[in-house]
Protein chains: 2
Amino acid sequence: MKTRNTVSTPSPKSKQSLEQVSELTTNRLSIYLRCLNELEASGARTISSQALAEQFDLNAAQIRKDLAYFGEFGVRGVGYYVRDLKRHLRQILGLDRRLGVCIIGAGNLGLALADYPGFVQEGFEILALFDNQTSKIGQRSRGGTPIYDILDLRKHARRDNISIAVLAVPTSAAQLVVDLVVDAGIKAVLNFSPGALKVPDGVKVKSVDLTVSLESLSFYLARGEIVRA
Amino acid sequence: MKTRNTVSTPSPKSKQSLEQVSELTTNRLSIYLRCLNELEASGARTISSQALAEQFDLNAAQIRKDLAYFGEFGVRGVGYYVRDLKRHLRQILGLDRRLGVCIIGAGNLGLALADYPGFVQEGFEILALFDNQTSKIGQRSRGGTPIYDILDLRKHARRDNISIAVLAVPTSAAQLVVDLVVDAGIKAVLNFSPGALKVPDGVKVKSVDLTVSLESLSFYLARGEIVRA
């Protein structure tokens, strides 16, 4: 699955410090961090860009280029120190602090996301679910995240300092809901509903399209690299 | 959200025709296809790589390079014909045929994926859910996908010609389940459970990590491109 930015980034000329840091780059940094987590868990202390690339099906030149943009992290003859590089990447990605997240929509997807184990590991705090169905309001996800009334979004967003809203609502409701999110002062939105959303300048929307990963598998099936027995 | 391949691709030397087509490339092709879908829906007939890049926050040189690898699709002075390029991309990605998909795990995530509107649009057929809880077996997702006994996976996989299995099970069950999937003759796996899976050569696993998209938003928040009001 791949994400892309659908709306309302500043025009390229106003990007300045970000001009060379594309969405694809930040996605890759995040993937490197996932790989380093696995390496650290397996006890590795150092890794070369070449070994990192081979082990995780990445591109060594790309790794070096991506990292070089943010500083000199490699050590000649050693490669990268796993723990150091991990710490640097977490700093670059802004993960060295608490980030409050809420999920809008307490349906199957919203409830699944609320209890997704990967989020907590990287310091994201899933603070609340929001829904408009009275039967859901006051309940909790299996993992214990409370479900609040969507009408109280602004109150909770300010009180709990929510930075990111995850949209897990039907496509037909998505624009209405993102308007409420913007109105609540939340500036970063992860959108799981297909279709583009309109938001004002200064609000960042990332859309997650789960189809992309299936299509990549389709590509390999079509190429005959893998075939059904 | 970004995916990566965790296990068991052939060694680089055996890749041959695929050697220059990385996972990242197929992900990008898939994103181009999403963009072309939006463009077509909005009535556009042609688009230049530059305009495509600007409109969807992509890289024009990268687009030209990615597409050039598969043939000459651009027309001087015109750019790309949206419908033609869409058709070519669908061919390259193997989407010009039916692909049967099953989902293992009829929990919140599995049920959400079964009814995910994007899959059907690109020709994926979600044929079945599988679970091991007797209370779920025999039920259907809201969209009508039947839930079968995981013990009948092999039977259904062969009868319905299922090409892709989507794993939406707890991490603790993932390896056991992927063994059943492999045993059923399915060669392509989309894995939503964190952690690596061991599969034999010839089986392709793509792991979806939902954390990656949140981290990209974190990056933008950290850089102050977007700030809380």
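**Entry 1: the model.** I noted before anything else that this is a predicted model.

**Entry 2: Ala53(A).** I looked up Ala53(A) and found it in helix 2 of chain A, which covers residues 49–56. Is Ala53(A) buried, exposed or partly exposed? I found 19 other C-beta atoms within 10 Å of Ala53(A). Being buried takes 20 or more, so Ala53(A) is partly exposed. Leaving out residues up to four places away in sequence, I listed Leu58(A), Asn59(A), Ala60(A) and Ile63(A) as the residues that Ala53(A) touches. I also checked Cys35(A): Ala53(A) is 18 residues from it in sequence, and their C-alpha atoms are 9.8 Å apart in space.

**Entry 3: helix 2 and helix 3 of chain A.** I then looked at how helix 2 of chain A packs with helix 3 of chain A, residues 60–68. Their axes are 8 Å apart and the angle is about 120°. That angle makes the two helices oblique to each other. I recorded the crossing as right-handed. Helix 2 brings Ser49(A), Gln50(A), Leu52(A) and Ala53(A) to this contact, and helix 3 brings Ala60(A), Ile63(A) and Arg64(A). By class I noted four nonpolar, two polar and one charged.

**Entry 4: chain A against chain B.** How many residues of chain A are in contact with chain B? I found 67 residues of chain A in contact with 67 residues of chain B. Helix 9 of chain A gives the most to the chain A side, with 12 residues. That side has 32 nonpolar, 20 polar and 15 charged residues.

**Entry 5: helix 9 of chain A and helix 1 of chain B.** I followed helix 9 of chain A to helix 1 of chain B, residues 23–41. They pack at about 120° with axes 9 Å apart, and are therefore oblique to each other. The crossing is right-handed. From helix 9 of chain A I listed Val212(A), Glu215(A), Ser216(A) and Phe219(A). From helix 1 of chain B I listed Glu23(B), Thr26(B), Asn27(B), Ser30(B) and Ile31(B). I noted three nonpolar, four polar and two charged residues in this contact.

**Entry 6: the core.** I looked up the largest nonpolar core, which has 148 residues. Ile104(A), Leu167(A), Ile104(B) and Leu167(B) have the most contacts inside it. Not counting residues up to four places away in sequence, Leu167(B) touches residues including Ile104(B), Val177(B), Val189(B) and Phe192(B).

Key. Residues numbered from 1 in each chain as written. Chains lettered and ligands numbered in written order. Predicted model: local features only at pLDDT ≥ 70, side-chain atom pairs only at ≥ 80, totals over all residues. Helix = DSSP H or I, 4+ residues; strand = E, 2+ residues; numbered from the N terminus. Buried ≥ 20, exposed ≤ 12 C-beta atoms within 10 Å, placed from the backbone. Contact = placed C-beta atoms within 7 Å. Nonpolar A, V, L, I, M, F, W, Y, C, P; charged D, E, K, R; others polar. Axes fitted to C-alpha atoms, helices over the stretch in contact; angles between N-to-C directions. Parallel < 35°, antiparallel > 145°, perpendicular 65-115°, else oblique. Left-handed = near helix turned anticlockwise from the far one by under 90°. Core = buried A, V, L, I, M, F, W, Y, C linked by C-beta atoms within 7 Å.
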